[in-house]
Amino acid sequence: MTAPAYGVLRRVSETVSVLLENNPSTMTLEGTNSWLLRAPDASAAVVVDPGYRDLDHLEKLAGAGAIELILLTHHHPDHAEGAPWLAERTGAPVRAFDASLCLGAEPFADGDVVTGGGLEIRVLHTPGHTDDSVSLHVADQILTGDTILGRGTTVLHDLGDYLRSLRRLIDLPEGTPGLPGHGPELPDLPSTAREYLAHREQRLDQVRSALQVLGADATPRQVVEVVYVDVDQALWGPAEASVRAQLDYLRASEDE
C-alpha cells in the first residue's frame, strides 16, 4: 500500500482516519501514524499517538475537528511527546497505561473500556516492545502501536512478554484489521502476528546457534555480528536491543 501524503488526513474506515507525521527514519518507517477515532454521528474525536512535539503536525490534528480525548499506546517520544501540547491546545485529557503520561485523567489497565468519539475502545495490554505498550480494540479494528508494525519487525524490551502478546493477538478473529503506529494497515492482524511469532522463533534458533560458536557468555553485539550479518548495519543498534532481550529470555529459561 502506498504511504499517504504527509499532512493529509486519510480515512481508513467508517470510524478511523490517519494523519502521517513527517518524521521518516529507519525506526519510524514513513513516519508516525496519528489516528483519529470518531463514530459517524459523534461531535468530537479521540486522537491516538499524536507523535513528536511537531507543531505543524499537531496543529493539523487540532484542526481536524473537536478532540475530547488523547490516548497513547506507549511512552516513546515519536508517539507521546506531542500529547501535552495537544492537550493544552484542545483541553482534552491524556490517558495511557503509564500514569506518568496521563494529564487530567486516570491511567487505563488491561481490559478497560474507554469511551470517546462515540465509540467504545477496549484496552489490551501487549507488552514486549515496552512494558507499557497497549493495543486498542475499536469497532473490530486493532491499533497496535509498535507491538506490530505495518512492515518489518519491532525492537524488543522483553521477549517473554512479547511472545505472550503475539499469542494474544493471534487469538483475535481472522481478518481483524491491524492499524500500526508505523507503516501501512494490515488486512489480517492475526495472520501477521503468526508471521511475527515464527520470525521470533527463527531468530531464537539463530541466537542459540551463535552462542554455540561464540560461547554462552557472548555479548549482544557479538551475537548481532553473527545473526544479523546480512542486515544493513544501520539497523544493528536496534537489533542489539532485541538480541539482548533474546539472550535474557534464553538465559532465564536455562535458570528455571
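Helix axes here are lines fitted to C-alpha atoms over the stretch in contact, and angles run from 0 to 180 degrees between N-to-C directions. I note at the start that this is a predicted model.

Entry 1: I looked up the UniProt record. Its unreviewed entry places "domain: Metallo-beta-lactamase" at residues 31-182. Over that stretch I read 21% helix and 26% strand. The end C-alpha atoms of residues 31-182 are 6 Å apart.

**Entry 2: the sheet.** I traced an open sheet of six strands, in the order β1-β2-β3-β4-β5-β6, with mixed pairing. β1 (10-11) and β6 (94-95) are the edge strands, and each pairs on one side only. I then checked β3 (residues 33-37) against β4 (residues 45-48). The two run antiparallel and are joined by three bridges. For L37, I found the bridge partner V46 in β4.

**Entry 3: helices on the sheet.** Helix α1 (residues 55-62) packs on the sheet and touches β2 (16-20), β3, β4 and β5 (67-71). Its direction makes about 160° with that of β2. Helix α3 (residues 83-90) also packs on the sheet, touching β4, β5 and β6. The direction of α3 makes about 165° with that of β5.

**Entry 4: helix against helix.** How do α1 and α3 cross? I found their axes coming within 10 Å and crossing at roughly 40°. The two helices are therefore oblique to each other. The crossing of α1 and α3 is right-handed. From α1, the contact uses L55, L58, E59, L61 and A62. From α3, W85, L86, R89 and T90 take part. I sorted the residues of this contact as six nonpolar, one polar and two charged.

How values were computed
Residues numbered from 1 in each chain as written. Predicted model: local features only at pLDDT ≥ 70, side-chain atom pairs only at ≥ 80, totals over all residues. Heavy atoms only, no water. UniProt positions renumbered as here; feature names shortened; annotations may be inferred. Helix = DSSP H or I, 4+ residues; strand = E, 2+ residues; numbered from the N terminus. Pairing = 2+ DSSP bridges. Contact = heavy atoms within 4.5 Å. Parallel < 35°, antiparallel > 145°, perpendicular 65-115°, else oblique. Left-handed = near helix turned anticlockwise from the far one by under 90°. Nonpolar A, V, L, I, M, F, W, Y, C, P; charged D, E, K, R; others polar.
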